[in-house]
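Reader: Before I set anything up, could you walk me through this model and its helix packing, domain contacts and ligand surroundings?

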Amino acid sequence: MSQDFGDIRHSVQALCREFDSGYWQRVDRDRAYPEEFVGAMTRAGFLAALIPEEFDGSGLGLGAAAAILEEVHLSGGNAAACHAQMYIMGTVLRHGSAEQKQKYLPAIARGDIRLQAFGVTEPASGSDSTRIRTTARRDGGHYVVDGQKVWTSRAEHSDLMLLLARTGPRESDRSRHEGLSVFLVDIRDALGSGLTIEPIRTMLNHATTEMFFDGLRIPADSLVGEEGSGFRYILDGMNAERILIGAECIGDARWFIGKASGYANEREVFGRPIGRNQGVQFPIARAYAAAEAADLMVRKAAALFDDGEPCGPEANMAKLLASEASWQAADMCLQTFGGYGFAEEYDVERKFRETRLYQVAPLSTNLVLSYLAEHVLGLPRSY
Ligand SMILES: Cc1cc2nc3c(=O)[nH]c(=O)nc-3n(C[C@H](O)[C@H](O)[C@H](O)COP(=O)(O)OP(=O)(O)OC[C@H]3O[C@@H](n4cnc5c(N)ncnc54)[C@H](O)[C@@H]3O)c2cc1C
């Protein structure tokens, strides 16, 4: 059995008690960024969990980071406002220059600057990220960026953004991973100088945006690693992202199961608690079994990651199984609450909207299944 990180969980629980259901309802209703929550998470050092101690972070492993995010979601909150910092910084850590690491990582760890935004998806290419059209053209000591991104979350609340752009041609399907580069863009300098950010209002409070690049000049030293190798760097970070999102889904699933069990015990109709009916009990028990099984995969994937072992299949399965378990639990919980599940004050409808996202983003379920079919089971490539 993997570590349980009891002390860390208790600290996160204490922090989350400060952000009750009224808080999350208010930010959801106002479509506001949960600034106070993100500030508290930053000050507590939780968002710097994966930054090594030499750069002033906590130097923890992915299992610990997963426990932090799971607890936030189990408390009824939503870590999506800040979770990306945990995994985006991995690209800088693994592939950035010594100067970039020294300049940015300690400042991120201290909370002086935020690296929350990750610009990959574009309107025309969607899930097919190798076909992005945003370009970065070298011009002396700069790159000039032109193009458009969509669904770049938290861009309005971040100082830095990791941007994937094309620096060379996509010559064939065989070389589809080449010609893409990653840049660390300072949003503060870019805004109004070739970068425009437009918020997108969505069914959940996610601070997501559309970004337009029109001749944005960024210093040449914004490039992370080698020109043309950026897609590989992004792929490197995806296992961590999938495991952490899986952990959030486990927290959500457990929140729904706890909520439904409590309500089924209390709510009396036909002169008895609704939870006495097996038609109400069994979906709760089934959701519980699914969540516990998915949690084992999340823990296995995190343990492999922390041991430096390959974990692509496990990370993908963790995200797949956990996002399905959280959605199963969400649907069950709404049904258990009957009409009251639709009322804002019980938080069920909010969490229902929030957890549904994870079967679409950061990667849709079909793409995970394709990965498993092709890369694990040896079936023919389908796209
Ligand atoms: C709230 C929100 C926040 C997001 N935040 C970010 C962010 O911060 N940064 C970022 O870069 N992106 C972000 N995304 C984008 C997200 O990663 C994409 O929405 C997701 O990858 C799917 O791409 P798409 O929406 O273009 O769907 P499409 O690629 O158009 O796919 C639509 C549907 O078709 C299916 N499909 C497509 N091709 C195939 C195939 N070959 N086989 C089987 N099924 C297929 C997909 O599974 C999906 O269900 C966010 C999205 C949302 C909604």
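Predicted model: local features only at pLDDT ≥ 70, side-chain atom pairs only at ≥ 80, totals over all residues.

Reader: Is α5 roughly parallel or antiparallel to α8?

Author: Helix α5 (residues 83-95) packs with helix α8 (residues 230-266) at an angle of about 155°, their axes being 9 Å apart. Because angles over 145 degrees count as roughly antiparallel, the orientation of α5 relative to α8 is roughly antiparallel.

Reader: How many charged residues does the contact of α5 with α8 have?

Author: On the α5 side the contact includes His83, Arg94 and His95, and these and others meet residues of α8, among them Asp236, Glu241 and Glu248. Divided by class, this contact of α5 with α8 has 5 nonpolar and 5 polar residues, and the number of charged ones is 4.

Reader: Which element gives the most to the side of domain 1 that touches domain 2?

Author: In the domain assignment, domain 1 spans 6-110 and domain 2 spans 115-228, and 18 residues of domain 1 are in contact with 15 residues of domain 2. The elements giving two or more residues to that side of domain 1 are α2 (21-30), α5 and α6 (98-110). With 7 residues, the element that gives the most is α5.

Reader: How many charged residues are in the shell around the ligand?

Author: Of the 23 residues around the ligand, those that come nearest are Val120, Gly126, Ser127, Trp151 and Ser364. Two or more residues of the shell come from each of β1 (115-119), β3 (142-153) and α12 (365-376). By class the shell has 10 nonpolar and 13 polar residues, while the number of charged residues is none.

Note on methods
Residues numbered from 1 in each chain as written. Near = placed C-beta within 6 Å. Helix = DSSP H or I, 4+ residues; strand = E, 2+ residues; numbered from the N terminus. Nonpolar A, V, L, I, M, F, W, Y, C, P; charged D, E, K, R; others polar. Axes fitted to C-alpha atoms, helices over the stretch in contact; angles between N-to-C directions. Parallel < 35°, antiparallel > 145°, perpendicular 65-115°, else oblique. Contact = placed C-beta atoms within 7 Å. Domains from an automatic or database assignment.
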